[in-house]
Amino acid sequence: MDAFDSKRILLADADAFFVSVARLVDPEGAGRKKLLIVGGSPDGRGVVTSASYEARAYGVRSAMPTGKALKLCPGATVVGVPRKECVERSKAVRVILQDFSPSVEQASIDEFYIDMSGTEGLFGPDLKFTADEIRKRVLEETGLPFSIGGGTSKLLAKLAAQRAKPHLDNDGVYIVAPGDEIEFMRLHRLGEIPLIGPKFVERLEKIGLQNVEQALRLDADAMVALMGERTGRWFYRRIRGLDASRVRAGRPNKSLSHEGTFARDISNDAELEKRLLAFSTRVAADVRKKRMKAKTISVKIRYHDFKTRQANSTFTYPVSADRPICEEALTLLRRLRKARNAPVRLLGVSLSHLNPATGEWQQLGLFGDPEKGMETDHDIVLSKAVDNITTKFGHKGIVRATEVKPREKD
Amino acid sequence: MKFTVTREQLHEGLTAVAASVPTKTTLPVLSNILVEASDDGLRLSGTDLDIAVSTVVAAEVDEPGSVTLPAKKLVEIVRELPSAAIRITTAGEQRVNLECGRSKFRLLGVSKDEFPSFPPVDFEDHWKVTSADLQKLIGHVSFATSTEESRPILNGVLWELRADRMRMVATNGHRLAKMDVPLTSAGSTADLIVPPKALDQVKKVFGPADEIEIARSENHLGFRCGATRVFTRLIEGPYPNYDQVIPKGNDRIATIDRQTIMSAVRRVGVVASDQTHRVRLSFSPGTLQFSVNTPDLGEAQDEISISYDGDAIEIGFNANYLLEILKLMPTDEVQLAMQAPERAATIEPVGWDDPAAYLCLVMPLRLVD
């Protein structure tokens, strides 16, 4: 394949994004700390969202409880996540990237895929040179350091970006040239390839595949014989760095969620249900704000021992009103609690399979009483009224009676 | 235990009972059939704890006894055996030898003590109905039950027994089927909510000429004819007020050839959405037009001649709901009556030469804006 025919995809990945933003927000405080943990509180509650590379050297990782992180790295300073600033800076980065290509896909708050195919005439054929330019401009205009990986697929760009990280003694850009894909893939363990998780690695080891090298020796038919048609073909392409997925600019929301880690673990079911209702109401309102309806709902629980469980269910017809969403969320929570009734540190609810709210056909019901997963006109009108109030007075403008704290008597 | 039975007798008995044996179960003994040999013959019983079926087939019993044997394997073996006498003998507590001609099998069973006992239903006080009537009711109504777990009551068929009639009603909340059959031998009044799976068994196990005795305990219902019995758990709770949702004033009435409308719905239904199966019906004097428009898939139009002289009306339905109902309508022509695009439509047979009365209704689909 000629170099000009192949895709040229970059992944711009911020280096310790939350840490960088926290330092920019507070240059005199967090900005001066080498050992910095963002996320949770100094008394050890919550979880680490991100940590400086210096703190990571002590073994601190994101999603680790802040208490544990402080034990590993006692000298670290803990600051909260500057959420608003993070969102603003992320947007600013996106705007800059769009100067280089119209096709920018935001994969997360600090990761952006950029399709540079066909831009050779503008920026020259050297992708490394373009990537350096992008890094320089983002750093100058937002103060945020980024690493950029590049290759002929999103998968290669993603893996290359990890190799580009400055703490690995790189200069922040790593490009896999067309034709070098397989050589590059050989550098990786199977488990390092995205979407090849620990369970799959275990399965691969059982059939004698320990590394990419061994897997490369099997042809597609052998893979299919070992793992079935779909997985086999997928895996065959995957280990060669082949990934047909496109950079999708302005990708719609796949799901919306609301979750929270509690200040203290909660064991009381009534209390959990109260929290869940508050989260469900919020996420339902978010879905309505986007003029969408959701087909699937999931409730997630993380127990005190960090074991995480999730329960999902699918609505017969897409919904966005509070009642069916809250009712189903409660059913799922009760199912999870029935399976395990341990103290809970995190609770979350998410709505997915979102589709535009209008133009859907709805099956009318015979009985006036609402059925599971079907919203009635009454539900829709009620939710609209609630939305009108929250638009004017904010989310505390109207809450469920269960969320109101009893007033202390004088 | 020692007995001889013909392959045909055993096969017939096993077929009746095997359908009640669960394919997946956490209680291993439920995958087995209880085999009891006595002077009355050979009793075969199976249960999934919700439904139990038991029947007796003629056998030459030399030595009474009982054991449970794996249902699936037993059925498969008997199916493959030639038409000849089958000799079954126990060898020890749970081992069974089966011989037929030159074929020999040895099967491992489970002790009969582990097999659950059947629900105690006293047949002293019973209703008597003909199997033919029961089959007619079941065949036309039980399809409409809900399979969703959210409202367990709709997972059952409502069976009303009155002095002069019996009625079955089933609905999933979107469509409903109702049939009345007059009764001659009156029994006491009862409202029972029966799982459709049990009714299917009843329909299968009893012959159309049978007179069936039906009795209930607090939580169970029993059906009996001769030595064959079916027991089922009853679903508890109040059934929704279905009478209230049956429209009385549907005045836009079309008379339609059943096969013609079914073919048209099936044709245009090909491009209907997989989720809603929506088909739009436009009635105007003499004509019924069908149209389907599914974004990302395509469109279809069709038209048939009907007998209709009411005001024009457009109404959307789930094609599957329409087809299920039309398929069961017992006459060549059906009457479809509507009032408004968002109100229930009723479908009834036209000129049915039968004492039974049959009515189905289906709720339309509505476009959300």
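Reader: How many helices and strands does the secondary structure of chain B come to?

Author: The model shown here is predicted. Chain B has 369 residues, of which 52% count as buried. Its secondary structure comes to seven helices and 26 strands.

Reader: Among contacts in chain B between residues at least 6 apart in sequence, what percentage join residues at least 24 apart?

Author: A contact here requires heavy atoms within 4.5 Å. Among the contacts in chain B between residues at least 6 apart in sequence, the share joining residues at least 24 apart is 66%.

Reader: Which strands pair with β2(B), and in which sense?

Author: Strand β2 of chain B covers residues 32-38, and five of its seven residues are buried. A hairpin of two residues joins β2(B) to β3(B), and these two strands pair over five bridges in the antiparallel sense. Six bridges link β2(B) to strand β6 (residues 65-70) of chain B, also antiparallel.

Reader: Which residue is the bridge partner of E36(B) in β6(B), and which stands opposite E36(B) in β3(B)?

Author: In β3(B), the residue opposite E36(B) is R43(B). In β6(B), the bridge partner of E36(B) is S66(B).

Reader: Which strands stand at the edges of the open sheet of eight strands in chain B?

Author: The order of this antiparallel sheet in chain B is β14-β11-β12-β13-β25-β24-β23-β18. Two of these strands have a single partner strand each, so one side of each is left without a neighbour in the sheet. Neighbouring strands of the sheet are turned by 20° against each other on average, direction ignored. The edge strands are β14 (190-194) and β18 (252-257) of chain B.

Reader: Over how many bridges do β12(B) and β13(B) pair?

Author: Strand β12 spans residues 165-171 and strand β13 spans residues 175-182 of chain B. T171(B) stands opposite L176(B) in β13(B). The antiparallel pairing of β12(B) and β13(B) runs over seven bridges.

Reader: At what angle does helix α6 of chain B run to β18(B)?

Author: Helix α6 (residues 258-269) of chain B packs on the sheet, where it touches β18 and β23 (333-338) of chain B. Helix α4 (residues 196-205) of chain B lies across β11, β12 and β14 of chain B, at about 95° to β14(B). For α6(B), the angle to β18(B) is about 90°.

Reader: How many disulfides are there over all chains?

Author: A disulfide is counted where two cysteine sulfur atoms lie within 2.5 Å. Over all chains, the count of disulfides comes to zero.

Key
Residues are numbered from 1 along each chain as its sequence is written. Chains are lettered from A and ligands numbered from 1 in the order in which they are written. This is a predicted model: local features need pLDDT of at least 70, side-chain atom pairs count only at pLDDT 80 or more; totals for chains, interfaces and linings use all residues. Side-chain values use heavy atoms; hydrogens and water are left out. Buried means under 20% relative accessible area, exposed over 50%, partly exposed in between (1.4 Å probe, protein chains only). Helices (H or I, at least four residues) and strands (E, at least two) are DSSP runs, numbered from the N terminus. Two strands pair if DSSP finds at least two bridges between them. Axes are lines fitted to C-alpha atoms, for helices over the stretch in contact, and angles run from 0 to 180 degrees between N-to-C directions.
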